[in-house]
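Below is a short note on the model you sent for comment.

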Amino acid sequence: MTATTDAPAAELEIGRARLRKEDARLITGQTNWTDNMRLPGMLHLAFLRSPFAHAKITRVDVSAALEQPGVIAAFSGADFAAEQGSLPCAWPVTEDIQIPAHPPMAVDEVRYVGEAVAVVVARDRYTAADALNAIDVDYDPLSPVLDIRTALDAASPKVHEAGNKSYEWVFANGDVDGAFSDAPVVVERTFRQQRLIPCAMEPRAVVAQWNGDAVTLWSATQIPHILRFALSAFFGIPEQDVRVIAPDVGGGFGSKLQVTAEEVLAVLISRRVGKPVKWNESRSEGNLTVHHGRDQWQRIRVAADRDGRIRGLDVDLLADMGAYLMLVTPGVPLLGAFMYPAIYKMDAYSFKCTGVFTTKMPTDAYRGAGRPEATFAIERIIDELAAELGIEPLELRERNWIRHEEFPFTTICGLTYDSGNYEAATSKAKELFDYDALRREQQERIENGDKVRLGIGISTFTEMCGLAPSRVLGSLSYGAGGWESASIRMLPTGKVEVVTGSSAHGQGHETAWSQLVADQLGVPFEDIRVLHGDTLVSPKGMDTYGSRSLAVGGLAVVQACDKVIGKAKIIAAAMLEASADDLEFSAGRFAVRGDPDASTSIQEVALATFAAHALPEGVEPSLDSDATYDPDNFSFPHGTHLCATEVDTETGFVKIRSYVAVDDIGVVVNPLIVEGQVHGGLAQGIAQALYEEGVYDDDGNLVTTTLADYLVPAASDLPSYVTERTETRASNRLGVKGVGEAGTIASTPAVVNAIIDALRPFGVTDVEMPCTPERVWRAIQSASSGGQGSAEEQHEARQNLASQGNSPQGIGEVPQSGETA
Amino acid sequence: MTHITVTVDGVKYVDQVEPRLLLVHYLREVVGKTGTPVGCDTSNCGACTVLMDGQSVKSCAVLAVQADGSDVVTIEGLANGELHPVQRAFHEEHALQCGYCTPGMIMAAADLLRDNPHPTEAEIREGLEGNLCRCTGYENIVRAVKRAAEAGVTS
């Protein structure tokens, strides 16, 4: 054999902790955020927003605003009535789902505080904000609808004429009644998923510019491609005339997976005034009007034998849709529907979700979207079942989980888990956590009557990601496919452009995709540039959400590389005067088997292709290749997370003492990026457990409009994490699973289980999230005085306190626009 | 309108500004320093942190007129021919993902290390509590500040 093929393979890029290519511009301020855009003649928008949760609009008068110096135009919803259409919902989950009209700007009625009712177009942002005060709106207030548990009562006021129920979606498999009817043990709990506000650090921003009959929209979006399609399909602008650019985007977490009112209106207003327009939200405006997450009541029942074997599971959800259905609002709970059985084997499962309208900001995808809710409920109730049975909670899990030799395993939901090893992840996590020592310390503290108790929380989670096989999405009535697109362009000088349809906003695609392509084509990492986020540059794509980029988009990149190599091989064969069948390709070189001197690099082939002087007959002078990959299956990351909390029983203060996360996300392309994703995910899940809640008062005003009221944790609020991995290969060609949401999905129940574990000796069986010191303290007091302390009872007690005037008071006035400094 | 003279990243600017103009909007929209972003409207997030006369300030909580006569350094002026040690450490420890909080976080960390060149982990976490990050969970930010401290940041 030749020296070339015998030489040790060049170090593979896959698995290398490459420092990120993206960082150079981000650490020096050379970034390209949408709000940085300045176009000649550009005007600024400010929106007047409803101060009422629910009201008829009886009059809007913008004439005084038009008198203000520097104001170019002002409009109310009526001015757009003929062209603004309805914001799309792409996921009609049932045939009889109620999807109300959702005009981007309210015309007759407002249904949540913050809904846009008028807009000013002015020379600069300060002038636009000032002029909002001159707009006169008359409202006829209607009753708000705020509690999904009573919204379906006949006596409830209605959000929409057709009533407050949007849909009911059910799934069942196995004999559920049989599983429960003679079960020795049944445990039932009702859990509260509080409303969350995503709070990506970059507020939304939009710039729209028309050039003749074509429009360019810059937006801080996760979904430039879907947005382009939506602008065309739902707002009448021919698709070929729409270009959407997502420049540098400062985080999304699902909140920028949306077709927003402001995007649509910016396009319409720019066309109306004949000038480019910009809108940039303030944080207060964003907390009101960026879609929210979670907000469910979860009733979950588990039936088991005395030895802990799970017989059946029954889940009944109420999910708050908010005032309208936005892009995937009704589908979010369904992404959880298949995840309640999690890693456990059982005979029967039933699930029901009722989507309910309220006069609040619509909910939609937020990091994990459905799976955090499911994972929380199942991991919490497994702990409750363990306590009921007196079985060690890890032992109970082990008795029920799918053993590693049972993969691939088809779950009670019909999903086929392709790979996993729960034993390995758990064993490693226990060791890193020093599980047995902590259990001993916990016991000692109980025996000593220590006022600070130790709790150990377990979350042996799995999730479904890599969204998604198109045929499965179709079967769930989703309005699009789940494929992803990629193109490889071999440049004449041997450099490579990679065009990806997944649109990065912090995930590090430019680095990770370079690593993938470097391995496939054998070109240096530094010679590769990754292009994304502009529909002119990257015309096809399904964008970034659902931990799909690598498991779907990465596979498309690899598939496109195959095609490049296939084309190059034919030309290389001509160059080497050999048969293509006799060539092998390795580390960037085509070599003739058995002839060490006959080889050529892919870069030389690229140059020869560019020159095109001596290509074989009928061969096109191009190596460029496109691929579109549609996955066969979801991917199923899993892991074991262990959290130790110290709970001060006198103050209710919870301190996370240690947190160990062992994740199996399949093959890792860049461990540095993966670890970062896990860290950030953990922080967001811990934030749900301990800090964050979007709160509406009794009149439907959001009281958590600022980062002073909505507690996104700071460095001092969070622990240091121990992260490790185990690895089983996913069944796709790269063996990759996805990591963007795993940390968030796993960590919330780990933390809450730890708190309950610390307080179980006091009789506490639940604490409503976020587990603030006050709530923890009250749960202890309530349990000590014989109360049950379920989440629902705690919720009621808190509501009663609030209506007596002890609620946290929000700001008195609804912020109406950006920069009212 | 008020007349102000401000040095930004080593260049002197003389401008007429509205008295209510925020320093961050002066930097971004008058001087063109778009490297300093705005993340909130209540001075909680710290994304807009710059150095004013050597001290870190949230530039959304300072009026442009208050910066009259001051020397302001933004993320765009922090590197001096080569990356500032805190910038380099953020890159090497993967202390950023989307990068939106990063300019403010780096400026705040540089100021923290000027005050306390060898902070403990707790001191780093406390010292940066006025700067919010939604991506990293802070783990690698803490590591980066430690690394920069080891590299001996004094400016």
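1. Arg134(B) and Glu692(A) form a salt bridge through their side chains, with an N to O distance of 2.6 Å. Please keep in mind that this is a predicted model. Between chain B and chain A the count is 5 salt bridges. There are also 28 residue pairs in polar contact between chain B and chain A, both residues being at pLDDT 80 or more.

2. On the chain B side, the elements that give two or more residues to the contact with chain A are helix 1 (23–31), helix 2 (75–78), helix 3 (85–92), helix 4 (102–115), helix 5 (121–127) and helix 6 (139–150). Helix 3 of chain B has the largest share, 4 residues. Sorted by class, the side of chain B that touches chain A has 19 nonpolar, 15 polar and 14 charged residues.

3. The contact is made by 58 residues from chain A and 48 residues from chain B. About 4500 Å² is buried between the two chains, and carbon and sulfur atoms give 54% of this area. Arg20(B), Tyr100(B) and Arg134(B) supply 19% of the area that chain B buries against chain A, more than any other three residues. Arg134(B) is also the partner of Glu692(A) in the salt bridge of point 1.

4. Chain A has an open sheet of 5 strands in the order 7-15-14-13-8, with mixed pairing. Its edge strands, each pairing on one side only, are strand 7 (165–173) and strand 8 (185–196) of chain A. On average, neighbouring strands of this sheet are turned by 10° against each other, direction ignored.

5. Within that sheet, strand 7 of chain A runs antiparallel to strand 15 (residues 348–357) of chain A, and 8 bridges join the two. Val170(A) stands opposite Lys352(A), a residue of strand 15 of chain A.

6. Most residues other than glycine have a negative phi, and most peptide bonds are trans. Arg294(A), not a glycine, has a positive phi of about 55°. Arg294(A) lies in strand 13 (residues 293–304) of chain A.

7. Which residues does a cis peptide bond join in chain A? One such bond joins Phe407(A) and Pro408(A), with omega about -5°. Pro408(A) is in the loop between helix 11 (393–400) and strand 16 (409–410) of chain A. Another cis peptide bond joins Leu467(A) and Ala468(A), with omega about -10°. Ala468(A) is placed in the loop between strand 18 (452–462) and helix 14 (470–475) of chain A.

Key:
Residues numbered from 1 in each chain as written. Chains lettered and ligands numbered in written order. Predicted model: local features only at pLDDT ≥ 70, side-chain atom pairs only at ≥ 80, totals over all residues. Heavy atoms only, no water. Contact = heavy atoms within 4.5 Å. Buried area = accessible area lost by both parts, 1.4 Å probe. Salt bridge = Lys/Arg side-chain N within 4 Å of Asp/Glu carboxyl O. Polar contact = N/O pair within 3.5 Å; in protein donor to acceptor, adjacent residues only side chain to side chain. Nonpolar A, V, L, I, M, F, W, Y, C, P; charged D, E, K, R; others polar. Pairing = 2+ DSSP bridges. Axes fitted to C-alpha atoms, helices over the stretch in contact; angles between N-to-C directions.
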